[in-house]
Amino acid sequence: MIKWIFFSIIILIVFVASSFFLEADFSRITSTTLLKTIIIFNNKPQLQFPLNCTDKNSTATCSSYYPTTLEFDGDSTTSCPDYFRWIHEDLKPWKSTGITRDMVERGRNVSHFRLVIVNGKVYVQKLGRVYQTRDVFTIWGVLQLLRLYPGKIPDLDLMFQCGDKTVILKKNFQGPQALSPPPVFHYCGDEISHDIVFPDWSFWGWPEINIGPWERTLHSILEGNKKTKWIDRVPYAFWKGNPAVANIRRELMKCNPTKQQDWNARIESIQWNREKASNYANAKLENQCTHRYKIYIEGAAWSVSEKYIILCDSMTLLVEPTYYDFFTRNMVPLQHYWPISPRNMCEDIKYAVDWGNSHLQNAQVIGNGGTDYILENLKMKYVYDYMFHLLNDYAKLLKFKPTIPEGATEICSESMACPVMGLQKSFMEESMVNSPSDTPPCAMPSPHTPQTLKQFLQEKENLIEQVKKKGVNSMLV
């Protein structure tokens with residue numbers, strides 16, 4: 001009997017192994033060359049391709065072991081989140097003209113690096129000094145996209161701006177004699193610019209302030225949410241950050257309680273040098289979800305903190321922003337956040353907190369609505385899918401064949417991660433894509449019609465006006 005059981009197990013192992021190998025097209029396998037092409041089917045075993053640093057003390061060369069092409073068994077059955085529609089809007093300035101090499105070149109003077117993809121390889125030309133490691137982790141993110149969808153990102157040539165404020169102002173490209181705007185990628189946009197919005201570096205980590213990659217940070221904040229029941233949280237609005245970077249933040253500091261007035265706000269200034277000395281013990285994001293209400297306010301421009309604040313389950317008091325990032329434009333007032341006017345911040349914060357404490361269930365619903373929006377729409381797979389669709393649609397507009405610029409350097413996961421140390425290395429290892437996706441990118445939604453876009457924006461504005469007039473009742477939520 002035991003022999004028959006043993007024999008059956010052997011047969012099962014051989015069957016599973018043969019099924020897997022039949023799905024992969026192997027090239028010659030040596031110690032340095034592994035799978036070149038792999039056909040991925042849903043729910044099938046996958047080979048893993050972790051970082052390969054042969055000599056940690058020197059710059060690693062780009063290896064050839066990772067799959068270079070990828071085929072899926074059928075089309076995507078998952079629709080992209082609705083905010084993907086904004087890709088169509090962001091690329092609209094070049095829809096009728098296409099993008100010439102000259103247009104790209106004209107973005108050089110306002111960009112920090114140029115990124116070119118040719119035959120699945122990434123080349124980077126540094127154009128300016130960048131604050132901290134914003135450029136490093138942005139480029140790292142693009143490399144991981146190519147590892148997730150090998151062979152699916154077309155040749156392209158783009159300029160990237162890593163600063164805070166938008167740079168391609170619409171007013172400079174108006175009139176019958178005006179040139180077409182140069183396409184420049186950036187972390188945020190606004191109503192007066194043509195900057196193309198792209199996910200920010202922090203999704204792969206922000207080592208300078210010890211914020212890890214998004215998937216880990218998201219999990220930590222969700223665990224932090226469980227420490228205190230919503231009803232037991234501090235019944236005030238909380239914000240902690242650096243007020244020195246913007247006048248509006250310095251105005252927010254005035255909303256702290258005084259002997260004469262309590263605006264229901266508790267505002268704390270953060271000193272990053274002090275936090276660094278204590279290994280950021282008091283700045284952990286998962287420990288900052290202790291209030292019923294949390295304030296989001298812009299800094300020099302949009303702030304990376306937005307997604308972390310919204311995820312807290314607290315009702316987000318969102319000070320009306322000037323800038324937007326790639327995922328927030330579909331958020332709805334009183335469903336995902338409570339709008340605050342920048343001109344009457346203290347009064348609006350007091351009203352919001354008083355309203356919430358008088359309508360506890362409704363306030364909690366709004367807080368949970370913001371968290372659910374992040375959980376449903378900002379999975380890391382969707383971050384990559386947004387990049388995938390944006391870059392593919394951008395490449396379709398190019399009217400020239402991208403070539404490797406003079407002075408550009410080939411960049412790969414090994415050349416970036418192997419030579420570095422500390423948090424930068426650990427964050428790269430943690431956020432590295434180790435195998436191709438077993439599912440296709442989500443299906444891109446169709447563009448807004450002018451009528452549906454106008455209606456959506458008008459509905460948002462109506463809700464904001466209702467809050468400004470202090471006409472909110474519990475039936476709205």
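Author: Ala, Val, Leu, Ile, Met, Phe, Trp, Tyr, Cys and Pro count as nonpolar, Asp, Glu, Lys and Arg as charged, and the others, Gly among them, as polar. By these classes, the lining of the largest pocket holds 23 nonpolar, 13 polar and 10 charged residues. The model is predicted: local features need pLDDT of at least 70, side-chain atom pairs count only at pLDDT 80 or more, and totals for chains, interfaces and linings use all residues. Residues are numbered from 1 along each chain as its sequence is written, and side-chain values use heavy atoms, without hydrogens and water.

Reader: What makes a space a pocket or a cavity?

Author: On a 1 Å grid over the protein atoms alone, a cavity is a set of points where a 1.4 Å probe fits but cannot get out, whereas a pocket is an open set with protein on both sides within 12 Å along at least five of seven lines. A residue belongs to the lining if it has an atom within 4 Å of a point.

Reader: What is the volume of the largest pocket, and which residues lie nearest its centre?

Author: The volume is about 1,100 Å³, taken as the space filled by probe spheres set on grid points that are joined across faces, edges and corners. Of its 46 lining residues, W206, I209, I211, W272 and S305 lie nearest the centre. Two or more residues each come from α5 (214-225), β10 (234-241), α7 (272-277), β12 and α8 (305-310); such helices (H or I, at least four residues) and strands (E, at least two) are DSSP runs numbered from the N terminus.

Reader: How much space lies in the second largest pocket, and which element gives the most to its lining?

Author: The second largest pocket holds about 940 Å³. It has 30 lining residues, with W86, E191, Y324, R329 and L457 nearest the centre. Those giving two or more residues are α2 (86-91), β14 (323-324), β15 and α14 (450-468), and α14 gives the most, with five. By class, this lining has 14 nonpolar, four polar and 12 charged residues.

Reader: How many cavities of 30 Å³ or more are there, and what lines the largest cavity?

Author: The count is two. The largest cavity has about 50 Å³ of space and is lined by F113, L115, T138, V142, L158, F160, F185, F198 and L391. The elements β4 (113-118), α4 (134-148) and β6 (156-160) each give two or more residues to this lining. Eight of the lining residues are nonpolar, one is polar and none is charged.

Reader: How are α4 and α11 placed relative to each other?

Author: Helix α11 (residues 380-397) packs on α4 at an angle of about 90 degrees, with the axes 10 Å apart. Axes are lines fitted to C-alpha atoms, for helices over the stretch in contact, and angles run from 0 to 180 degrees between N-to-C directions. Angles under 35 degrees count as roughly parallel, over 145 as roughly antiparallel, 65 to 115 as roughly perpendicular and the rest as oblique. The two helices α4 and α11 are therefore roughly perpendicular. Their contact (heavy atoms within 4.5 Å) is made by G141, V142, Q144, L145 and L148 of α4 and K381, Y384, M387, F388 and L391 of α11. Seven of these contact residues are nonpolar, two polar and one charged.

Reader: At what angle do α9 and α10 cross, and what does that make them?

Author: The axes of α9 (residues 345-358) and α10 cross at roughly 115 degrees and come within 5 Å, which makes α9 roughly perpendicular to α10. W355, G356, N357 and S358 of α9 meet L360, N362, A363 and I366 of α10. By class, this contact has four nonpolar, four polar and no charged residues.

Reader: Why are β11 and β15 said to stand at the edges?

Author: The open sheet of five strands has the order β11-β10-β12-β13-β15, with parallel pairing. Each of β11 (265-269) and β15 (338-340) has a single partner strand, so one side of each is left without a neighbour in the sheet. Two strands pair if DSSP finds at least two bridges between them, and β13 (residues 315-319) and β15 are joined by three. Helix α10 (residues 360-377) lies across β12 (291-296), β13 and β15, at about 70 degrees to β13.

Reader: Which strands pair with β5?

Author: Strand β5 (residues 121-126) pairs with β4 in the antiparallel sense over six bridges, with V116 the partner of Y123 in β5. Two residues separate β4 and β5 in a hairpin, and N119 in the turn has a positive phi of about 55 degrees. Three bridges also join β5 to β16 (residues 409-411), again antiparallel, with V122 bridged to I411 in β16.
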